[in-house]
Amino acid sequence: MKDDARNTRHIPDRLDSPVRAAVLSWPSLLLAVAIGLFILNSLASPYFLSPWSLSDATFNFTEKAIIALAMALLIISGEIDLSVASIIALASTMMGLALQFGVDTPGLVAIGIATGLACGAFNGLLVTRLGLPSIVVTIGTMSFFRGISFIVLGDQAFKGYPPSFAFFGQGYVWWVVSFEFALFLVFACAYYVLLHRTSFGRWIFVIGNNQIAARFSGVRVERVKFILFCLTGLMSGIASVLLTSRLASTRPSIAMGWELEVVTMVVLGGVNILGGAGSIQGVVLAAFIMGLVTFGLGLLNVPGIVMSIFIGALLIVVIALPIVVGRIRGRSAG
Amino acid sequence: MTRVLRTREFWLGVIVVAMIVGTNLRSPGFGAPGNVLGIFNNTSILMILALGQMAVILTRSIDLSMASNLALSGMIVAMINAAHPELPVPVLMALAALIGLGLGMFNGALVWRLGIPAIVVTLGTLTIFRGLIFLIAGGKWVNADEMSPDFIQYTRIVVLGMPLLSWYAIVIAVGFFLLMTRTSLGRSLYAIGVNPTASVYAGIDVGRTKFIAFCISGALAGFCGYLWVSRYVIGSVEVANGYELTIVASCVIGGISIAGGVGSVVGALLGASFLGVINSALPVINISPFWQMAISGAAIILAVILNARGEKRGGRLILRQTEPAK
């Protein structure tokens with residue numbers, strides 16, 4: 001009868017006035033939340049409004065946000081990748097392994113990124129070639145990839161990365177702007193253009209809304225999805241380089257549990273978990289919101305595990321609110 | 001006979017037995033009845049959890065919050081036990097199941113009343129439940145010496161050659177089998193997964209049945225909360241951290257289709273046994289336990305590939321409410 005989310009899904013290319021649409025859109029709501037959090041934070045703690053502490057705050061979320069950009073595209077297309085955190089672990093392990101053979105910084109970066117890409121391609125092949133459901137495939141590869149790290153490392157750790165490698169996770173490009181954060185901004189722009197300004201981006205929406213129609217319209221569904229899995233793997237590889245460089249060590253438990261945080265970020269950003277709708281602006285704002293929440297609460301000495309309650313509640317409330325409001329509105333109108 | 005040969009449960013059973021026999025060749029004694037019963041006892045909790053997860057997956061949903069639910073319910077009863085050791089343990093067991101039921105109802109209500117996808121709801125409650133443990137306990141642990149002897153013994157008392165823990169799993173498995181094959185609720189769970197639209201025409205309240213599925217998974221997770229805390233004699237924030245995916249993995253290996261409507265109680269039990277046997281076999285044949293994660297990952301991938309070959313190929317996509325192919 002009510003096939004729930006499917007009927008209530010909003011189609012992104014709406015026809016009413018662009019101004020009205022922009023004001024009422026999900027990203028504007030998120031922007032309001034972000035500004036509110038920013039003001040709250042600066043009132044709550046005198047240490048918040050300093051360029052350096054704000055800069056430090058960005059380290060909390062940039063690596064996850066970089067993955068979230070690609071994950072957003074994947075989820076819009078109706079798939080999901082739960083193995084991203086394990087790809088980080090595997091890529092980091094491969095870099096550590098290469099380090100033992102005396103590979104220097106450029107080689108390490110190349111190996112990290114290539115491992116990520118290879119993992120993404122592996123996921124993509126399983127999903128598109130064999131027609132398997134991505135949620136199960138990536139639950140499998142999630143164990144598999146991190147499992148390889150555990151086999152290689154056991155309870156050991158790789159350390160001793162060269163000083164020049166530290167730049168990626170610890171360096172600054174200009175004043176308080178870290179390399180990580182600058183890279184995130186560049187990627188955000190690139191993904192915005194890819195999703196919202198190219199025909200490839202339109203294909204992603206078409207596939208997410210109606211895969212069969214997409215196929216009849218000549219969209220090469222499998223190929224697009226394969227590319228999206230590769231992109232997600234690639235971004236995870238890049239995130240792995242950043243994180244490994246920031247921590248200056250590799251343990252098999254690196255980035256444990258990040259997959260759920262990345263998905264939370266994407267869903268919070270207004271991407272429909274069932275596919276077909278979403279925007280990069282939303283995901284970027286959601287990344288900032290999650291960063292602000294964790295950093296603000298951190299300044300107030302709230303432990304990390306309690307913050308996770310806020311994040312979880314935020315996720316549910318933010319999704320439930322429009323549904324409840326819409327229902328109340330519908331009731332009073334009808 | 002040929003019908004039995006064609007089921008995937010049969011072949012999964014063969015694989016599990018073959019693994020036990022194979023390990024026995026390398027290390028005699030592994031296949032001894034006592035040891036096999038020990039493995040079964042160690043896998044009991046996972047089996048119960050896999051059954052709960054199965055009820056939810058059949059309806060095309062997923063419950064990622066089971067491990068957190070388990071940890072929260074277990075922590076609460078452990079703290080009550082530490083504070084009031086005079087309370088009889090069966091009361092605490094019932095209480096654990098009730099707490100779990102409440103948490104499951106919360107998940108189910110959000111899915112039923114608000115129509116939020118189950119994966120989103122339980123992703124949220126996964127972190128919320130675990131965070132609550134920290135808030136309730138103030139970051140403290142409940143250790144063995146704080147628990148009453150009864151509290152620890154109620155999973156260990158040997159009845160007819162098996163510890164009570166194993167018996168709980170057997171009773172629940174039998175109950176579940178009857179529920180799934182002999183009651184209209186069980187059949188409704190399958191019907192919803194196979195074809196939600198047709199189920200509505202058949203007079204099934206789809207939303208309410210999904211809600212009940214979440215209640216089942218919640219109550220079982222809560223009950224396992226007691227079992228876990230009693231079995232491993234520790235209550236902490238870290239209990240069963242990340243276990244939610246192991247539970248899903250058991251179901252997937254057991255042939256329960258993530259697209260809903262396909263799967264059996266025996267399959268879920270065998271899926272859990274598969275992981276349990278691997279767990280026990282690795283150290284015995286001198287493979288570092290660090291291999292376990294990669295092996296279960298590979299097993300999941302293999303299981304999905306085999307599942308897909310069994311089902312008809314078609315437009316079935318996870319996370320989409322498309323019509324099933326058959």
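Residues are numbered from 1 along each chain as its sequence is written, and chains are lettered from A, with ligands numbered from 1, in the order in which they are written. Because the model is predicted, local features need pLDDT of at least 70 and side-chain atom pairs count only at pLDDT 80 or more, whereas totals for chains, interfaces and linings use all residues.

**Chain A as a whole**

The mean for chain A is 88, and 92% of its residues reach 70 or more. Residues 1-6 of chain A have pLDDT below 50, although this stretch has eleven contacts in the model beyond near neighbours in sequence; two residues are in contact if their C-beta atoms, placed from the backbone, lie within 7 Å. Where pLDDT is low, the predicted coordinates should not be read in detail.

Switch to a cartoon view, in which chain A has 16 helices and four strands, where helices (H or I, at least four residues) and strands (E, at least two) are DSSP runs numbered from the N terminus. Along the principal axes, the C-alpha atoms of chain A fill a box of roughly 70 × 55 × 30 Å. The radius of gyration of chain A, 20 Å, agrees with the value near 20 Å that a compact globule of 334 residues would have; this radius is taken over C-alpha atoms, and the globule rule is 2.2 Å times the number of residues to the power 0.38. Of the 334 residues of chain A, 51% count as buried, a residue being buried if 20 or more other C-beta atoms lie within 10 Å of its own, exposed if 12 or fewer, and partly exposed in between, with C-beta atoms placed from the backbone. Among contacts in chain A between residues at least 6 apart in sequence, 78% join residues at least 24 apart.

**A helix pair: α5 and α13**

Next select residues 62-76 and 221-247 of chain A, which are helices α5(A) and α13(A). They pack at an angle of about 180 degrees with their axes 9 Å apart, which makes α5(A) roughly antiparallel to α13(A). Axes here are lines fitted to C-alpha atoms, for helices over the stretch in contact, and angles run from 0 to 180 degrees between N-to-C directions; angles over 145 count as roughly antiparallel, under 35 as roughly parallel, 65 to 115 as roughly perpendicular and the rest as oblique. Among the contact residues, show Ile66(A), Ala70(A) and Leu73(A) on α5(A), and Leu228(A), Met235(A) and Leu242(A) on α13(A). By class, the contact divides into 15 nonpolar, two polar and one charged residue, with Ala, Val, Leu, Ile, Met, Phe, Trp, Tyr, Cys and Pro counted as nonpolar, Asp, Glu, Lys and Arg as charged, and the others, Gly among them, as polar.

From here select Ile204(A), which lies in helix α11 (residues 199-209) of chain A. Ile204(A) is buried, with 28 other C-beta atoms within 10 Å, and its contacts, leaving aside neighbours within four places in sequence, are Leu73(A), Ile76(A), Ser77(A), Leu195(A) and Val224(A).

**Where the chains meet**

Gly270(A), which follows α14(A), has a positive phi near 90 degrees.

Asn301(A), in the loop between α15 (280-299) and α16 of chain A, has a positive phi near 65 degrees without being a glycine, and counts as exposed with 7 C-beta neighbours inside 10 Å. In chain B, Ala240(B) also is not a glycine and has a positive phi of about 55 degrees; Ala240(B) sits in the loop between α11 (206-232) and α12 (243-253) of chain B and counts as buried, with 24 C-beta neighbours inside 10 Å.

Methods. pLDDT is the predictor's confidence in each residue, from 0 to 100.
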